[in-house]
Amino acid sequence: MEALTGRKIVHGNQAWRLESATWLHAGLIHLLANMISLIFIGIRLEQQFGFCKPLCLSVHLLRQRCF
């Protein structure tokens, strides 16, 4: 199905795929559960490692996924 491929997003000017893939994944309840779990995990990571390391890791993973 290739709903989220870097080639289509970057070269095909289809940035809407970034947001629509989230909503089509499993609906609003699944999205809210993921957001809440990310908040709790993020708070724990920030307490343990500080602000910079989790931020750098998140940016790195986002860049790897999109490009």
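Q: Which helix holds P54?
A: The model is predicted: local features need pLDDT of at least 70, side-chain atom pairs count only at pLDDT 80 or more, and totals for chains, interfaces and linings use all residues. Residues are numbered from 1 along each chain as its sequence is written, and side-chain values use heavy atoms, with hydrogens and water left out. Helices (H or I, at least four residues) and strands (E, at least two) are DSSP runs, numbered from the N terminus. Residues 52–66 form the helix that holds P54, and its name is α4.

Q: Is P54 buried or exposed?
A: Buried means under 20% relative accessible area, exposed over 50%, partly exposed in between (1.4 Å probe, protein chains only). P54 has a relative accessible area of 17%, so P54 is buried.

Q: How far apart in space are P54 and G42, C-alpha to C-alpha?
A: In sequence, 12 residues separate P54 and G42. In space, their C-alpha atoms are apart by 7.8 Å.

Q: How many disulfides does the count come to?
A: A disulfide is a pair of cysteine sulfur atoms within 2.5 Å. The sulfur of C52 has its closest cysteine sulfur in C56, at 3.6 Å, so the pair is too far for a bond. By this rule the count comes to zero.

Q: Is C56 buried or partly exposed?
A: C56 is in no disulfide. Its relative accessibility is 47%, so C56 counts as partly exposed.

Q: What distance does helix α3 reach from its first C-alpha to its last?
A: Helix α3 covers residues 28–49, which is 22 residues. The expected span is 1.5 Å times one less than the number of residues.

Q: Which element has the lowest mean pLDDT?
A: pLDDT is the predictor's confidence in each residue, from 0 to 100. The chain has a mean of 76. Helix α3 has the highest mean among the elements, 86, while the lowest, 64, belongs to α1.
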